[in-house]
Each structure stands twice: as C-alpha cells, then as structure tokens.
Amino acid sequence: MANFTPRLLWIRHNLFHSIGIALALLLVAASLIYPLVSPIDPTKQNLLASLQNPSREHLLGTDHLGRDILIRVLTAGRVSITASFIVLCISLILGTVVGMLAGLTGGVIDEICMRLVDVFLSFPSMILALAMIGTLGPGFWNLILALAITWWPPYARLVRSKVLALKSSNYIIAAGILGASKLYIMRKHLLPALIGPVTVLLSLDVGFVILSIAGLGFLGLGIQPPAPEWGTMLVDARPFMQLGLQMVLPPGLAILIMILGFNSLSEALDEWLNPKTNAR
Amino acid sequence: MGVSYLIKDKIVFRFFLRRTLWSIVVLLVVSFMSYTLIFIAPGDPATILIGKQTGRFPTPEQVAQFRTEYGLDKPLLVQYYNWLKQAVQGYLGQSFRTGTSVASEVRVRFGNTLLLVTVTMLVAIILGIPSGLLAAWFKDTFLDRFIHALSMLAVAIPDFWLAFLLILLFSIVLRWLPSHGIGSAKHLILPVICLGLANIARLNRLTRSGLVGVEGEKYVLSARAKGLTRRTAWIKHGFPNIAVPIVTLIFTLFSGAIAGTIIIENVFAWPGIGFYFVEAVNYRDLPVIQAMVALYAAVFIAGNILADIAYVIIDPRIRLD
C-alpha cells in the first residue's frame, strides 16, 4: 500500500464492499452531525400531517404521529452508535484485561478466566441480555449493561490466544532477557500487536451490537419511547405498512447499511492486515 | 488394530465423561447466575406481583405470606438449592403472573420451536452448501461475485425487518401466505425464510472459502499437475477437509437459530418458547425468566455435546483434549 494505485484497484475489485463501507460511514456521519444542526424536533407530533409522503419539507415523509422520519432515523442512529460505542469500549477493556491476565499468568487464574469465558460463550448473548433486562427493567443504561456483560468474552479469548502465541515468540523472549519488565513488554510489544486483530473484531461487532439494540428495541425492551430507536420505529410501522413504505423502509435500511458496511470494513481490514493468509 | 481401537474407545469415553461433567458445571453456574438475578432486581417482586394481582398496594402481611409461600424468605443458597432440587425432578417453578407451571408450558411450546429451527436448518443446509460449491467451482467469475454479494446482503438484513417486508408482500398484497400463527406447512414458509437466510449465507461462505483454500494447497496442486481431475480432487481432498468446519458451523448456527426464534416467533406469533420467554421478560415474571435461561443453557450444552460426538465420528484425527 505504498502508493495510491493499489487502493484504487482494491476499490474496483471490491466494489460491493466499498459501497457498503461508504454508505455506512455516510450514515454514521449524518447521524452524528444532522441531529445537532437540524432545527426539527424528532419527538414533536403533528397529527394533521401524519403519514405524509416524502416532500421538500419532510425529505423522508412523516410517521403516524406526523413526526419527521429523516430526523428520527438519524437521531436513532446517533443513540445506537453511541450505545454500541460504549458497549464495545467496555467489552474491549474487560476482554483485554481478562485475556491478558489469563494469557500472562497461566495456571489456575488462566483456567478460571477461560472457563468463565466458556460459560458465557456456551449460549447466545441475546438470552442473557434479555434475562438481565427482564430483571432490571428496560432503559438506556440497563441496555448497555446487559449487552456489555454478554459481549466481552470473545475479546478475552482473542486477546489470550494472541498473548499466548506472542509470549513464546523470539522478540518477546529477547526483550525479557534484556531485562524488560513485564509491564514494559505488555505496553511496548503486546498491546501494539493486539491492535490489528482486535480492530477487525471490533469493526465486525459494531453492526451486530446495533442489530442487537434494534432487536431489543423491537421487543419493546431497549431504548424507550418517545426517544426514536430503529427497532421501535419498525414496530410502530407495522399497522401502517399497507398505507405506504415510508415508515418501514428507513429504519430497516439503516440497520442493513450499518451491518453491511461494518462487515465489509472488517473484511477489508482483515485483508489489509493479513495480506498473506488471505491471498487467494 | 484391535488394541488401538480399544485405546481410542477408552480415550473417547474419558473425553465424553469430562465434557459431560464440565457441562453439568456450566449448567449449575448459569442457573445460579440467573437465579441470583432476582436479588439484583429493583423493587421487591413480591410487592409488585401482589400489586398486579390485587390492583392495590399490598399490606406487609400479604407480602410476608407471599414470601413464605414462594420460599422467598430463606437465604439465597437455600432457595437456589430448593429450586435446583425441584428442577432436577422436572418441576421448573411456576409463573408469578399466571400461576401455571413453567414445565407444562414448555412441554407444549418446545416442539413448535424445534420444528421451526429444524426446518430452517435443513433448508439452510440444502441451499447453503450447494450454492457454496457452485461459487467455488466458478471461482472469480461473475456468478461467484454475484453469490458473494447476495450472501453479504443476506447476513446484513435484519430478520425482523425482512419479516415485515415479506408479510407485506406475501400476506397483505398477494394474500398467498398467512402472516402469523401456526397450523399448516404454509405457516412455516415466512418464518423459515427470515430465520434461515443468514444461515444459508454463512454456510455458503464457509463452503466456498474451504474448497478454494484446499484447491490452493500445494499437495492438491501437485496432484492436479499429475493429472487428477478437478472433480476427483474435490471428492478426495476437498470434501474431507471442509467437513469438520461445516459441521462446527451447523451446530453454531443451530444455537443461533434457537436464539433467533426469540424475535421471529414474536413477529409471526409463533407459539414457541421464544414467544413465551419474551412474554415473561415483558412482565418481569422472574421464575419463568430463571427457568427459561436454565433451559436454554441446557439446550445449547446438549448441542455442544452432540457437536463433539459428530467430530469424533467424521474426523478420525480429532484431538481429544
């Protein structure tokens, strides 16, 4: 990737990926910026202007309560992106700490940490998240807590496996012989080596955390109305589907774009970071 | 020969013994975790529930009576032990809300969920693996890229959104298929599509990348150079090499599909355990939530054990540790 031409070539060869990544980044940017600069209130109702088709005033039309759909989709995106960012940060920190601890110490601590990870991985995260929300009640922070608690184990497993592989590599052993402390090796050699694989997993997970948030919202257990949320917007749309697609299409397409884009980004990063193993 | 088989049988037996013991530990941990949820719940469940049943704020005597009745006045470990003792005998507790026993509800509904998931997986296998073979055979052609793009879309479409679009098209506009409920084969079509699409795509991707990977191996290339046809190379080297990862994926997807039914059953009002679970979560019906988490854990662990057995059967080189 020394000069620019190979990148252009990559875009040509992976047109579908490139479009997905571009759309997702556009959606992220719009969600983060537009609700701040737009004067429209996403929760303001106007029953006289309900279920309108797209117009110059309402670019994506209005919903059953006369609320502007564009601002609702983007505000919902803002909330989803923020929530998934927090969830992934917690998962990353927790996973890295547990994985490092397990990989570096070994023995009983390693065994305990990894068995705990196994317990979490032995069944889908959705069920535990649902059980936690059922107990704690729905809400933004309960949603974050429920998702973060169920999302960290793959990070712990990934970090541990990388640490184990690196621990016996020559340059780490050499650093140890030269008198580098464990903390120094961790900071200078292990953490930088982890950035690549962890980033691939993180970018893959962005879409799926957003899907989980929408799924929980769809079941009425995520972010609560009147705050806009993609899942709840879809539930609202169901009775009005026959009358027009303006309520059904935008939230679903938004989720689709996020998953597609971040999956593509993850694949592209993986290819870029491991050119040898993926060269086929 | 005979001796080595005996040794292998012994190792296999010890392996399964260890896995089973470990599964029991996992089940205990998970059920305990879900059991302790009741203690972190905000608000007193006894007060909330009596309030819901009688419609007015309960007196302290009523709360105390309720607690004694459900054993909520005992220490956590004693309560858990009592629950576990009954659970082992098949009694999973009873709903705070309706008073019906969880076990009897599950008995009625579990078959419905299993039917949905099994049909979904069969469809996914029937469509996913052949389409992967096709993509690998025509690697780097338009067909391959087309299948790749389709499968990326299939993974990214939110299943509940797809469900709405399909209901709109096939139930409301065309009136070909029922939009909800259970009863005939027709009722299965839409839920199976929604639940299965992503699974088809994942099987397709793995089949393709596995076969393309094997074809790039040096021993396969040299065999091809010596005149082995592509078809024989696939049969001799390709299929045996992709069998294990595909079986792994099928079991993973099976677990995923059971979790996926939680949302899909709600969209299509399919009377399975996912529908029941969400209902319990919505009403914060703690005994049902606890029992369902334990039950789900048991189902997934059973799936993991089945996967282990499948590995030993299909791959003689499998390392048992």
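In which loop of chain B does B:R175 lie? In this predicted model, in which local features need pLDDT of at least 70, side-chain atom pairs count only at pLDDT 80 or more, and totals for chains, interfaces and linings use all residues, B:R175 is placed in the loop between α7 (159-173) and α8 (185-216) of chain B. Residues are numbered from 1 along each chain as its sequence is written, while chains are lettered from A and ligands numbered from 1 in the order in which they are written. B:R175 has a positive phi of about 55° although it is not a glycine, and with 9 C-beta neighbours inside 10 Å it counts as exposed (buried means 20 or more other C-beta atoms within 10 Å of the residue's own, exposed 12 or fewer, and partly exposed in between, with C-beta atoms placed from the backbone). A positive phi, of about 70°, is also found at B:D140, which is not a glycine; B:D140 belongs to the loop between α5 (102-137) and α6 (142-156) of chain B and, having 10 C-beta neighbours inside 10 Å, counts as exposed.

Chain B contains 12 helices and 0 strands (DSSP runs numbered from the N terminus, helices being H or I of at least four residues and strands E of at least two). The radius of gyration of chain B, 25 Å, is well over the 20 Å that the globule rule gives for 321 residues, so the chain is more spread out than a compact globule (the radius is taken over C-alpha atoms, and the rule is 2.2 Å times the number of residues to the power 0.38). Along its principal axes the C-alpha trace of chain B spans about 90 × 65 × 30 Å, and 34% of its 321 residues count as buried.

The contact between the chains takes 34 residues from chain A and 44 residues from chain B, two residues being in contact if their C-beta atoms, placed from the backbone, lie within 7 Å. On the side of chain A that touches chain B, α5 (125-136), α9 (182-218) and α11 (249-273) each supply at least two residues, and the largest share, 9 residues, comes from α5(A). By class, this side has 23 nonpolar, 9 polar and 2 charged residues (Ala, Val, Leu, Ile, Met, Phe, Trp, Tyr, Cys and Pro count as nonpolar, Asp, Glu, Lys and Arg as charged, and the others, Gly among them, as polar).

Elsewhere in chain A, a cis peptide bond with omega of about 10° joins A:P225 and A:P226, and A:P226 is in the loop between α9 and α10 (230-237).
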